[in-house]
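Student: Hey, can we go through this structure together? I'd like to know how to read it.
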Amino acid sequence: MTASTSGLRDHLGYWLRRLSDEVHGRFEKQLAEHGVTVSQWTVLITVYRGDATTTREVARYVDIDVGAVSRLVDRLIAKGLMSRESDPGSRRILRLALTDAGRDLTPRLAEIADRNDAHFFAHLDPAQRRQLEDWIRRLIGDTCPEPPAPGEAPT
């Protein structure tokens, strides 16, 4: 063992993972009170806001596997929060839609997300928060390009 060997806490990745784990873990506990996981919430909020309306679009938007999104949607359907509906323009496309219960619950979950963010990041002033987000987006963008917009072909 030498002093020149970097330790675990010398790595920014360690601290980013720790922060992510803390933010995610607290949010997961709060969502569990509503019977929803963080992964399920990402699907609900994405469909609620109209950022994506098919399983494939959601997968691209949140950057996860289509099969994983399909399983999440199945669970949300079983919970009565979401449905799959035929697209009037194409029989091959199934659109994701929130049920009345899903439309009622999703804004409440978004408020929990907002409070969770505030819990961890409220001590940053707005300029610092924007700068942190810009740095993170830049670092992620260097390794993972932005997903295409709904209806846009992947590159």
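Predicted model: local features only at pLDDT ≥ 70, side-chain atom pairs only at ≥ 80, totals over all residues.

Student: At what angle do α2 and α5 pack?
Tutor: Helix α2 (residues 38-48) and helix α5 (residues 100-121) pack at about 115°, and their axes are 10 Å apart. Axes here are lines fitted to C-alpha atoms, for helices over the stretch in contact, and angles run from 0 to 180 degrees between N-to-C directions. That makes α2 roughly perpendicular to α5. For the cut-offs, under 35 degrees is roughly parallel, over 145 roughly antiparallel, 65 to 115 roughly perpendicular, and the rest oblique.

Student: Which residues of α2 and α5 meet?
Tutor: From α2 you have Trp41, Leu44, Ile45 and Tyr48, and they meet Arg103, Thr106, Pro107, Leu109, Ala110 and Ala113 in α5. Contact means heavy atoms within 4.5 Å. Sorted by class, this contact of α2 with α5 has 8 nonpolar, 1 polar and 1 charged residues. In that sorting, Ala, Val, Leu, Ile, Met, Phe, Trp, Tyr, Cys and Pro are nonpolar, Asp, Glu, Lys and Arg are charged, and the others, Gly among them, are polar.

Student: New topic: is Val23 buried or exposed?
Tutor: Val23 is buried, at a relative accessible area of 16%. Buried means under 20% relative accessible area, exposed over 50%, and partly exposed in between (1.4 Å probe, protein chains only). You'll find Val23 in helix α1 (residues 12-32).

Student: And what does Val23 touch?
Tutor: Leaving aside neighbours within four places in sequence, Val23 is in contact with Asn116, Phe120 and Phe121. The C-alpha atoms of Val23 and Asp117 are separated by 7.5 Å, with the two residues 94 apart along the chain.

Student: Okay, how many salt bridges does the structure hold?
Tutor: There are 8. A salt bridge is a side-chain nitrogen of Lys or Arg within 4 Å of a carboxyl oxygen of Asp or Glu.

Student: Which residue does Arg95 pair with?
Tutor: Arg95 forms a salt bridge with Glu57, and their closest N and O atoms are 3.9 Å apart. The pair links distant parts of the chain, with Arg95 in strand β2 (residues 90-98) and Glu57 in helix α3 (residues 55-62), 38 residues apart. Arg95 is partly exposed at 25%, while Glu57 is buried at 11%. Salt bridges that share partners also join Glu57, Asp87 and Arg95 into one network.

Student: And what about Arg84, which residue is its partner?
Tutor: Arg84 bridges to Asp74, with the closest N and O atoms 2.8 Å apart. Arg84 lies in strand β1 (residues 82-87) and Asp74 in helix α4 (residues 66-78), so the pair ties together parts 10 residues apart in sequence.

Terms used
Residues numbered from 1 in each chain as written. Heavy atoms only, no water. Helix = DSSP H or I, 4+ residues; strand = E, 2+ residues; numbered from the N terminus.
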